[in-house]
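Please look over the charged side chains in this structure. The points below take the pairs in turn.

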Amino acid sequence: MSELKLYAVKNDEGKYLLDSSLSIGYPEWTKDLDDTEIFVEKANALTASNSSDGHVVTFVEEPKKVVLSKTQARIVDEAHDERYPANHIAFNSDHEELLMRAFVNGYTVAKEMKYLVYKELGGKQKNKQVAQAYRSLIYLGTVSWFLTNEVANKSNEPFYQFTEAEIEHYGLQDCEKEEVTDDDAKK
């Protein structure tokens with residue numbers, strides 16, 4: 001993983017060199033990083049610092065955060081509480097390198113896709129019947145079905161939405177599924 005490094009010249013008062021081409025003998029300084037001269041080569045920054053009585057400071061591009069599942073994020077969070085975090089990650093995941101980068105650089109949790117699940121029951125196109133799945137509110141932990149003429153847009157009601165893991169858990173792999181998008185959820 002390569003890092004992008006940029007350099008600037010800073011004085012003891014915490015101000016940055018405005019322009020090295022104008023600084024010979026009479027350097028101008030600014031507190032605003034947007035106005036300062038940024039160097040790609042460290043040697044050029046050193047030359048400017050020598051002629052302006054400043055010192056070189058290095059800016060390093062912030063590493064990108066790793067995207068993890070909820071389970072992976074839990075493992076990284078637990079590792080922070082362990083005496084040997086790398087051991088915790090190694091013993092609890094097959095993705096050691098990914099989770100170690102997340103441990104060091106930070107992470108975000110991937111948004112889990114949700115789906116509306118249904119089965120087409122046939123019939124003529126005009127009289128087509130669809131059975132749509134939902135989590136039963138009466139018999140918790142079970143799936144119920146309701147009949148309709150088309151897949152009802154119930155995307156803003158969470159008991160109609162299923163994750164991939166829930167689809168597998170409830171044995172709904174042989175069903176049709178329609179992805180719930182953020183646009184659907186806002187309707």
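**Note on salt bridges**

1. R74 and E78 sit four residues apart, about one turn, within helix α2 (residues 70–80). Helices here are DSSP runs of H or I with at least four residues, strands are runs of E with at least two, and both are numbered from the N terminus. The side chains of R74 and E78 form a salt bridge at 3.1 Å, N to O. The term means a side-chain nitrogen of Lys or Arg within 4 Å of a carboxyl oxygen of Asp or Glu.

2. This is a predicted model, in which local features need pLDDT of at least 70, side-chain atom pairs count only at pLDDT 80 or more, and totals for chains, interfaces and linings use all residues. Residues are numbered from 1 along each chain as its sequence is written, and side-chain values use heavy atoms, leaving out hydrogens and water.

3. R74, at 42% relative accessible area, is partly exposed, and so is E78 at 30%. Buried means under 20%, exposed over 50%, and partly exposed in between (1.4 Å probe, protein chains only).

4. A second salt bridge joins the side chains of R135 and E166 (3.0 Å, N to O). R135 belongs to strand β8 (residues 129–135) and E166 to helix α5 (residues 164–169), so the pair ties together parts 31 residues apart in sequence. R135 is buried at 17%, whereas E166 is partly exposed at 23%.

5. E164 and K177 also meet through their side chains in a salt bridge, at 2.4 Å, N to O. This pair links helix α5, which holds E164, to strand β11 (residues 176–180), which holds K177.

6. How many salt bridges does a search of the whole structure find? The search gives four.
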